[in-house]
Amino acid sequence: MATDATDQTGPRSLPSLPLALLPVVLTLGLLALQLFYYGDFTPHIPLICGLAITSLLGVLRGMTWMDIREGIFHVIHVSMPSLAVLIVVGMIIGVWIASGTVPTLIYYGLVLLNPSIFLAAAMILCAVVSLSLGTSWGTVGTIGLALMGIGAGFGIPPYWTAGAVVSGAFFGDKISPLSDTTNLAPAVTGVTVFDHIKNMLPTTIPAMLIALTIYLIAGYALIEPTETSLGAISQITDRLDQQFALGWVPLLPAVIVIVLALMRKPPLPSLFAGVLAGGLIAIFLQGEGLHDVFAYAQSGFAIETGVADIDSLLNAGGIQSMMWTISLMLIALGFGGALERTGCLEAIIQAIIGRVKSFAAVQSSAIGTAFATNMVAGDPYISIALPGRMYAPLYRGMGYSTLNLSRAVEEGGTLMSPLIPWNAGGAFVISALGLGIMSGELQNLLYIPLAFACWTAPLIGIFYAVTGLFSPRATDAERANWEKTDEDVLDLKDHALADTEAG
């Protein structure tokens with residue numbers, strides 16, 4: 001079905017571009033004021049103000065509050081599974097510390113790993129686990145937390161460890177067939193999941209190799225064996241051995257979760273099975289009471305070992321530890337829903353689509369739009385779904401496979417979300433890894449540029465678009481499927497791309 005370049009939205013009236021940009025610019029200004037002028041890393045209120053400004057704009061343009069509210073709660077409803085994962089991961093962290101799972105991983109990591117290759121090993125381990133689980137958040141909140149403890153024992157700055165953890169964890173979220181975002185991107189662009197995964201490899205593999213190389217070099221540069229405090233490592237391992245019953249039994253909860261994931265069981269029940277297994281081991285192996293386990297799942301684990309490094313790592317977890325992040329997600333999702341329902345995001349994307357003049361510009365714009373939506377709306381789902389829906393007819397009109405688009409929104413959406421502190425992904429990483437940003441440890445935001453695999457993949461994707469490498473044209477079978485499923489195909493006869501890309 002062909003659609004005209006000037007009217008892809010049907011009867012819906014969109015705001016003008018300056019009007020659509022107004023709530024975005026004002027909200028970003030309030031965020032900048034809060035974060036950089038006041039030095040207060042609590043973006044909740046600026047985002048609430050942004051939600052109010054956007055809603056007011058919608059009312060002034062003739063929308064009803066009930067209609068805007070429906071859009072807000074629709075987006076929140078769509079993202080409820082992610083909020084549920086946050087709650088379960090909070091429980092896992094508290095219970096797995098009590099069961100000895102996290103302490104055992106830290107202990108053997110300090111004993112067996114070579115400090116110089118730790119960063120590279122951390123990235124690979126998180127990549128394998130996230131590929132198996134299909135959840136970057138589950139990986140960050142479990143294996144990632146243990147790796148933060150190992151890194152601290154080796155004297156590695158936490159932002160370096162966090163960068164390696166994020167690089168590896170979000171690798172699996174991008175190409176695992178069990179991942180929700182990996183299924184969402186092809187769904188909104190009209191391609192199959194496994195074709196989408198295959199088309200992700202040309203950017204994913206080089207990005208991971210680049211990150212691996214940098215982490216290897218950094219490991220040898222950061223840690224000199226003569227400077228590594230073997231005494232400090234010995235103190236940590238000795239105290240862990242005294243406080244917990246270590247061995248293979250405490251590792252069973254992690255094994256159970258991975259096995260269930262490999263059996264393609266849903267992530268949420270699989271993670272909760274890990275909570276139950278950890279609780280049983282905490283009771284029967286570590287000697288904890290049932291009420292204690294409930295308390296750890298609710299409020300987090302608590303211990304005083306006399307070693308500050310251990311206490312700072314192991315006093316963590318619980319549902320309550322995730323409430324800051326969950327409240328931020330709810331507000332950010334509401335803001336994104338208001339922007340979507342009032343047509344602001346669609347108007348901005350339509351303006352971009354009307355100005356691009358080459359395939360390279362279209363592909364770069366799709367990546368950039370997904371990233372910008374992540375920044376403004378704070379939600380990786382909107383950043384994938386909205387640009388995916390809006391750009392797909394343009395790709396079809398140009399004669400390019402929408403596999404290019406599914407890769408673009410995955411890279412600008414999934415991979416960039418943990419690098420935006422007020423985004424759902426970034427807020428979770430900061431909370432789960434205990435980076436202490438809210439306590440003023442702003443230097444730990446350096447994990448953002450150090451998550452090399454996340455931001456190099458989009459750059460590689462833009463390079464491919466400019467050179468034409470790994471940028472497939474639509475096949476006859478794909479075109480036939482467009483006809484069969486009555487997909488929108490943008491009519492380029494009056495478009496800037498008409499003379500260069502159509503066909």
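**Aromatic pairs and helix packing**

Tyr107 counts as buried, at 19% relative accessibility. The cut-off for buried is under 20% relative accessible area. The model is a predicted one. Tyr108 is partly exposed, and its relative accessible area is 34%.

In the pair of Tyr107 and Tyr108, the ring centres lie 5.1 Å apart and the planes stand at 85°, so the arrangement is edge-to-face. The edge-to-face class requires planes over 60 degrees apart. Elsewhere, a cluster is formed by Trp160, Tyr215, Phe452 and Trp455, linked through ring pairs.

Helix H2 spans residues 44-60, and helix H16 spans residues 323-341. The two pack at an angle of about 20°, with an axis separation of 9 Å. H2 is therefore roughly parallel to H16. Angles under 35 degrees fall in that class. The crossing of H2 and H16 is left-handed. On the H2 side, the contact is made by His44, Leu47, Ile48, Gly50, Leu51, Thr54 and Ser55. H16 contributes Trp324, Ser327, Leu328, Ile331, Ala332, Gly334, Phe335, Ala338 and Leu339. By class, ten residues in the contact of H2 with H16 are nonpolar and six are polar. None is charged.

Helix H4 covers residues 80-98 and includes Leu86. Leu86 is buried, with 0% relative accessible area. Leaving aside residues up to four places away in sequence, Leu86 touches Trp137, Met322, Thr325, Ile326, Met329 and Phe428. Among these partners, Thr325, Ile326 and Met329 fall within the residue range of H16, 323-341. Gly141 lies 55 residues from Leu86 along the chain, and the C-alpha atoms of the two are separated by 8.9 Å.

H4 also packs with helix H13, residues 267-284. The angle between H4 and H13 is about 20°, and their axes are 9 Å apart. H4 and H13 are therefore roughly parallel. H4 passes H13 in a left-handed crossing. The H4 residues in this contact are Ala84, Val85, Val88, Val89, Met91, Ile92, Val95, Trp96 and Ala98. They meet Leu268, Leu271, Phe272, Gly274, Val275, Gly278, Gly279 and Ala282 of H13. The contact of H4 with H13 has 14 nonpolar residues, three polar residues and no charged residues.

Notes
Residues are numbered from 1 along each chain as its sequence is written. This is a predicted model: local features need pLDDT of at least 70, side-chain atom pairs count only at pLDDT 80 or more; totals for chains, interfaces and linings use all residues. Side-chain values use heavy atoms; hydrogens and water are left out. Rings of Phe, Tyr and Trp (its six-membered ring) pair if their centres lie within 6.5 Å; planes under 30 degrees apart count as stacked, over 60 as edge-to-face and the rest as tilted. Buried means under 20% relative accessible area, exposed over 50%, partly exposed in between (1.4 Å probe, protein chains only). Axes are lines fitted to C-alpha atoms, for helices over the stretch in contact, and angles run from 0 to 180 degrees between N-to-C directions. Helices (H or I, at least four residues) and strands (E, at least two) are DSSP runs, numbered from the N terminus. Angles under 35 degrees count as roughly parallel, over 145 as roughly antiparallel, 65 to 115 as roughly perpendicular and the rest as oblique. A crossing is left-handed if the near helix is turned anticlockwise from the far one by less than a right angle, and right-handed if clockwise. Contact means heavy atoms within 4.5 Å. Ala, Val, Leu, Ile, Met, Phe, Trp, Tyr, Cys and Pro count as nonpolar, Asp, Glu, Lys and Arg as charged, and the others, Gly among them, as polar.
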